[in-house]
Amino acid sequence: MQKNKTKPKVKAKPNANFLKKLFILVVVVFAISQIFVWAWPGVTYDDRLKWFRYTGFVTAIPLLWALLRPELNAAMKLVCPLVGVTLAGATWFSVVEEGYYGDASPMMGWRFDAQVNDLSSQPLATVSQKVQRTSDESSVADARWDYAGFLGTNRNATVTGLKLDTDWTTSAPKERWRVPVGPGWSSFAIAGNSAITQEQLGEDEAIVCRNIDTGSILWTALNKAARFTEVYGGDGPRATPTIYQDKVYALGAKGDLHCVELQTGSVVWKRNILADAGVANLEWGMAGSPLVFGELVVVAPGGKDHSVVAYDRNNGEPVWHAGSGRAAYASPALVEFGGVRQVVHLNGPGLEGYSAVDGRFLWSYEWIVNGGMMTSVSQPVVLNCDANSCDFFLSSGYGKGCIRLNVVAEEGKFEVKESWPLSRAMKSKFNTVVQLDGFAYGMDDKVLTCVDLTNGRRKWKNGRYGYGQLMLVDDVLLIQAESGGLALVQATPEKYRELGRVSPLSRKTWNPPALSGNRLLVRNDKEAVCLELELLNDDDGKNSPAMASQDLAEF
């Protein structure tokens, strides 16, 4: 009788078994690494993307380990490292560095992110279209709402007499509109219903006017082929336009100074302040916003006899130029004491004062930052001025610190005195500093800090907002964090107290906020948002004395 024969089991080939186990191992390792990257609490978005770049290398380790397995044939020993390199390369190159934060750490993003800043293909209202404004788009609406330039009409990031509802749990800011914008670190200048900023649109630089109620573009004035690009700070213009009467004055990153009509954006005149001064551009571009008063517009290109330059605001013709210090990144301001109206400017060598009438040099104080790298950025704070003297507060980063100066006029001469020795209590790298009741509030690098102006000592230091910006509204601080968040903090020397927080923007934000009545405009290099704030004023701030536009011609 013939016995039934059973077919022996066919053993899987060593290569096949190994590859199956290896595949499972790779999937498990990749899954665990992704869970770790994206689910671990308290990790920033940038750190998650950084870690994601390296998960491919982690995943590739088992594949490279396969080279040590003797059962693999030559073909498989070639396939495994190729797969490993592909995985590592795919994760590495899918994430890119999009720029840097204020502490020089890289800002990460997806290489094929749909949110690309090139808006050159999007429809824009242009000057040639002769935009017709409706009655509710008047550029000369209630002037008491104006925030007409960098840090406001008075260039101090301070609005008084406007009471905000600080209970953001029940009356949080409401988003009125959100629009994409081109790259740049310009803030908004506001007059009536016109909100004007600068953006990079493809290869062109642009002054863009929007309706503050809707975000719709009223006009754009293009500066063709004026793209400014720089790795650390990113692309686009840096300075904020200045609105003065019926004109807008804007300085581009490459030194192009434009005067355009407020109603239409039509160009009245144009100068390049760097060419006029015969000086090269700064590493991070021209960032000082134009100062306009009387019949002059003042800018600061730097260079021999051109620390500050005044042009006729009506036709762009040079009126005077003075000083020989190299430019920095702060904006000129206007004060009056000692019987002299003065342009005060913080440049590379330090703080300087010039006669606003003819540019005559009056006084200076040496303030060298970062070993003379011309990195003075934070705006000098004018504390108080009387008939014969004026106090200033300076603060700079890169380990410099802060100081209070008293400039005294005696018999036509000016003497600068230090009110107290250099303090390390506040080191504002490129943040706004404000003052209230004898105390300064600003960022000590990335942390909000309160400093006693009588002695330079720190009262408190708390709240990490990065290298963001802030403004003082009556007795509260509106803080635009570098991450894009917006916080409300009580301005008191007693202790740090955050009252509320929202997140209107995401990612890096260096642009100062701008406030017009109950409309707060915030933006970064990707988008702009209008927030409607709840006010405690019965008239919603429309009649607030703090919103009155100051005509610097009568300063």
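Cys80 is buried, with a relative accessible area of 3%. Here buried means under 20% relative accessible area, exposed means over 50%, and partly exposed lies in between (1.4 Å probe, protein chains only). Cys80 sits in helix H3, which spans residues 74-93. Helices (H or I, at least four residues) and strands (E, at least two) are DSSP runs, numbered from the N terminus. From Cys80 to Ala60 the C-alpha distance is 8.8 Å, and the two are 20 residues apart in sequence.

This is a predicted model, in which local features need pLDDT of at least 70 and side-chain atom pairs count only at pLDDT 80 or more, while totals for chains, interfaces and linings use all residues. Residues are numbered from 1 along each chain as its sequence is written, and side-chain values use heavy atoms, with hydrogens and water left out.

Lys247 and Val268 are 21 residues apart along the chain, and their C-alpha atoms are separated by 8.7 Å.

Gln245 is in the loop between E9 and E10. Its phi is near 55°, a positive value in a residue other than glycine. Asp305 is not a glycine either, yet it has a positive phi of about 65°. Asp305 belongs to the loop between strand E14 (296-299) and strand E15 (308-312). It counts as partly exposed, at 35% relative accessibility.

**Salt bridges**

Side chains of opposite charge can pair when their charged atoms come close. A salt bridge is counted when a side-chain nitrogen of Lys or Arg is within 4 Å of a carboxyl oxygen of Asp or Glu. By this rule there are 25 salt bridges.

| Salt bridge | N to O distance |
|---|---|
| Lys446 and Asp103 | 3.0 Å |
| Asp204 and Lys224 | 3.6 Å |
| Arg501 and Glu498 | 2.8 Å |

Take Lys446 and Asp103, which meet in a salt bridge. Lys446 is in the loop between strand E26 (439-444) and strand E27 (447-452), and Asp103 is in the loop between strand E1 (95-100) and strand E2 (106-110), so the pair ties together parts that are 343 residues apart in sequence. Lys446 is partly exposed at 28% relative accessibility. Asp103 is partly exposed at 34%.

Next come Asp204 and Lys224, which also form a salt bridge. Asp204 is in strand E7 (residues 204-211), and Lys224 is in the loop between strand E8 (217-223) and strand E9 (242-244), so this pair ties together parts that are 20 residues apart in sequence. Asp204 is buried at 14% relative accessibility, whereas Lys224 is exposed at 59%.

In the Arg501 and Glu498 pair, Glu498 is partly exposed, with a relative accessible area of 29%. Elsewhere, salt bridges that share partners join Arg176, Asp213, Arg519 and Glu532 into one network.

**Empty space**

Rolling a probe the size of a water molecule over the atoms shows where empty space is left. On a 1 Å grid over the protein atoms alone, a cavity is a set of points where a 1.4 Å probe fits but cannot get out; a pocket is an open set with protein on both sides within 12 Å along at least five of seven lines, and lining residues have an atom within 4 Å of a point. Grid points are joined across faces, edges and corners, and a volume is the space filled by probe spheres set on the points.

The structure holds five cavities of 30 Å³ or more. The largest cavity has about 510 Å³ of space. Its lining has 28 residues, and Arg238, Ala287, Tyr329, Val377 and Phe430 lie nearest its centre. That lining divides into 14 nonpolar, 11 polar and three charged residues. Ala, Val, Leu, Ile, Met, Phe, Trp, Tyr, Cys and Pro count as nonpolar, Asp, Glu, Lys and Arg as charged, and the others, Gly among them, as polar.

The second largest pocket has about 550 Å³ of space. It is lined by 21 residues, with Thr44, Tyr101, Gly466, Glu482 and Ser483 nearest its centre. Helix H2 (residues 45-65) gives the most to this lining, with four residues. The lining holds seven nonpolar, five polar and nine charged residues.
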